Amino acid sequence: MRLVTFNLLHGRSLTDGLVDPDRLTAAVSALDADILALQEVDRDQSRSGKLDLTAIAARALHAPEHHFAAAVVGTPGEQFRPLTHDDDGHGEPRYGVGLVTRHPVTTWRVTRLKPAPVRSPVYVPGPGGGLILLRDEPRVVLAAVLTTPHGPLTVAATHLSFVPGWNAYQLRQTVRALRTLPAPRILLGDLNLPAGAARLLTGWCPLGRRPTYPAGQPRVQLDHILADRHGLALLPPVTAVRTPLSTISDHRPLIVDLG
């Protein structure tokens, strides 16, 4: 079983700044994931050609199950608003996380997390970027209960706040929400926290320890695959961990092979 988490940067390449569906397809296909968690995912956004990036990823992996959960309607860094319900913003540009799996899904669940109440400095790469003050946006946790050859498995994708302290608060909320779903439980995502903090805040076991950001010369691990220690013995052992350079994004994907 191959687990992958990947912050897509909405599919954009840092070399030419473009979002190309063929390039995205090739990048995701190369991951060969059985379970793929995606962050910074666009749907119907002009900047990414009004594409459904989660659906493209599912087709690239020949995965029958996929779901997109919007965190906001609109475009972060520009105009956006929180969703009023899960189907809000249909036909409008949306942004959030995605989960793609080759295993059958018995249950989908969405948990919404409030944004930090203050603006915070963040570094934005590329032309016109630099250190800017950004208003935080709402976040979302997308969980699925899967039927796998190893039995039921809960997996979840999320992308937590960049605001220090608030992301820790959100991570604790996420763990509480996931504990209501069946064990074993695995959380995949960009937590905007280093590995040690993620482990201490959750008590969960990191399945892969590798720096993932920035993509060119990774110095810090922001992207994680964590397993709840309750039910951990039911999972196959970790056999490989990789963070290959991709043709898209400012993050590297984190790949963990089990069994």
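Guide: Asp32, Asp34 and Arg102 are linked in a network of salt bridges. The model is predicted: local features need pLDDT of at least 70, side-chain atom pairs count only at pLDDT 80 or more, and totals for chains, interfaces and linings use all residues. Residues are numbered from 1 along each chain as its sequence is written, and side-chain values use heavy atoms, with hydrogens and water left out.

Visitor: What makes aspartate 32 and arginine 102 a salt bridge?

Guide: The definition asks for a side-chain nitrogen of Lys or Arg within 4 Å of a carboxyl oxygen of Asp or Glu. Here N to O is 2.9 Å, so the pair qualifies. Aspartate 32 sits in the loop between H1 and E2, and arginine 102 in the loop between E5 and strand E6 (105-113), 70 residues apart. A search of the whole structure finds 13 salt bridges.

Visitor: Why is aspartate 32 called partly exposed?

Guide: Buried means under 20% relative accessible area, exposed over 50%, and partly exposed in between (1.4 Å probe, protein chains only). Aspartate 32 has 38%, so it counts as partly exposed. Arginine 102, at 28%, also counts as partly exposed.

Visitor: How do you know that arginine 112 and aspartate 86 tie together separate parts of the sequence?

Guide: Their closest N and O atoms are 3.1 Å apart, in a salt bridge. Arginine 112 lies in strand E6 and aspartate 86 in the loop between E4 and E5, so the pair ties together parts 26 residues apart in sequence. Arginine 112 is partly exposed at 33%, and aspartate 86 is partly exposed at 47%.

Visitor: Why is strand E3 called largely enclosed?

Guide: Strands (E, at least two residues) and helices (H or I, at least four) are DSSP runs, numbered from the N terminus. E3 covers residues 65-74, and seven of its ten residues are buried, so the rest of the structure largely encloses this strand.

Visitor: What makes E3 and E5 a pair?

Guide: Two strands pair if DSSP finds at least two bridges between them. E3 and E5 (residues 94-101) have eight, in the antiparallel sense, so they pair. Phenylalanine 68 stands opposite glycine 98 in E5.

Visitor: What makes E4 an edge strand?

Guide: The open sheet of seven strands runs E4-E3-E5-E2-E1-E15-E14, with mixed pairing. E4 and strand E14 (238-242) are its edge strands: each pairs on one side only. Three bridges join E3 to E4 (residues 80-82), and the two run antiparallel. They form a hairpin with five residues between them, and glycine 77 in the turn has a positive phi of about 85°.
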